[in-house]
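Good morning, and thank you for coming. Please look at the model on the screen while I take you through a few of its residues.

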Amino acid sequence: MNAAPLVGYSSSGSEDEAEAVAAGRSKPGSGLHRCGQNPLPSQRFPVPDSVLNMFPSTEEGPEDDSARHGGRIRTFPHERGNWATHIYIPYEANEEFQDLLDVLLPRAQMFAPRLVQMEEFHLSLSQSVVLRHHWILPFVQVLKDRMASFQRFFFTANRVKIYTNQEKTRTFIGLEVSSGHAQFLDMVSEVDRVMKEFDLTTFYQDPSFHVSLAWCVGDARLQLEGQCQQELQLIGTFEKYSASPSL
């Protein structure tokens, strides 16, 4: 994307006034005065407080209050004009899936009481990256072009696994994909190509595709791995789910 060059042009009116001052004369209406003439005093009226207080935070960035986000901590600082971006395939939970969660979550909470159910379900195809605002439209268009050839396919997610984010500030219980892994790798390959075009971070080298079911703040692997994970694996039956790219 090419930006038009910024060019500064001098004002012909300003040049004329400068010449008039040098010659010791003034133009009508120019605001210049001969010696001995007093110009009218210029007055600047104060701006009312009601106006000054209309936009108290225009120059301030957003406050990072983890209490407003369930204790989640931002992994990178906010900057004006930057947008956190994450590529994923959404999964709409059906009744059977919700019934499974109703059994798994209470059992898991016996080991880690602070666990809460995910509000939405998805399979990630990228890490979280930062897009400049003016990149958003071209990024989305390139991504759509790359993903247009993929067709709907079936996958199975039936292995309980415990995950943490890179900073170890959040822990997740997920169902890892056991079949359909190759199709997800093909999609990630195209997503990574788009990331490289925009000089963004690509996905993990050996990704574990999964649907996160529940999460909690902090590193809870000691509580959830081992006995808890084994018990959750034994609970219920896991069926096949369908996936297709959606942008």
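The mean pLDDT of this chain is 78, and 63% of its residues reach 70 or more; pLDDT is the predictor's confidence in each residue, from 0 to 100. This is a predicted model, in which local features need pLDDT of at least 70 and side-chain atom pairs count only at pLDDT 80 or more, while totals for chains, interfaces and linings use all residues. Residues are numbered from 1 along each chain as its sequence is written, and side-chain values use heavy atoms, with hydrogens and water left out.

Over residues 1-33, pLDDT stays under 50, and the model has 13 contacts beyond four places in sequence for them. A contact means heavy atoms within 4.5 Å. Where pLDDT is low, the predicted coordinates should not be read in detail.

Which residues does UniProt list for "active site"? The unreviewed entry gives His122 and His210. Such annotations may be inferred rather than shown by experiment, and the positions are in the numbering used here, with feature names shortened.

His122 is found in strand S4, residues 121-124, and His210 in strand S8, residues 210-217. Strands (E, at least two residues) are DSSP runs, numbered from the N terminus. His122 is partly exposed, with a relative accessible area of 21%; buried means under 20%, exposed over 50%, and partly exposed in between, with a 1.4 Å probe and protein chains only. Leaving aside residues up to four places away in sequence, His122 touches several residues, including His86, Tyr88 and His210.

Let us turn to Ser126. Is Ser126 buried or exposed? Ser126 is buried, with a relative accessible area of 5%, and lies in the loop between S4 and strand S5 (129-132). A polar atom of its side chain lies 2.8 Å from the backbone nitrogen of Ile87.

Finally, the core. The largest nonpolar core has 50 residues, of which Leu115, Leu125, Phe139 and Phe184 touch the most other members. A nonpolar core is a set of buried Ala, Val, Leu, Ile, Met, Phe, Trp, Tyr and Cys residues joined through side-chain atoms within 4.5 Å. In soluble globular proteins, nonpolar side chains tend to be buried together.

Definitions and conventions:
Helices (H or I, at least four residues) and strands (E, at least two) are DSSP runs, numbered from the N terminus. A polar contact is a pair of N or O atoms within 3.5 Å; within protein, one must be able to donate a hydrogen and the other to accept it, and residues adjacent in sequence count only if both atoms are side-chain atoms.
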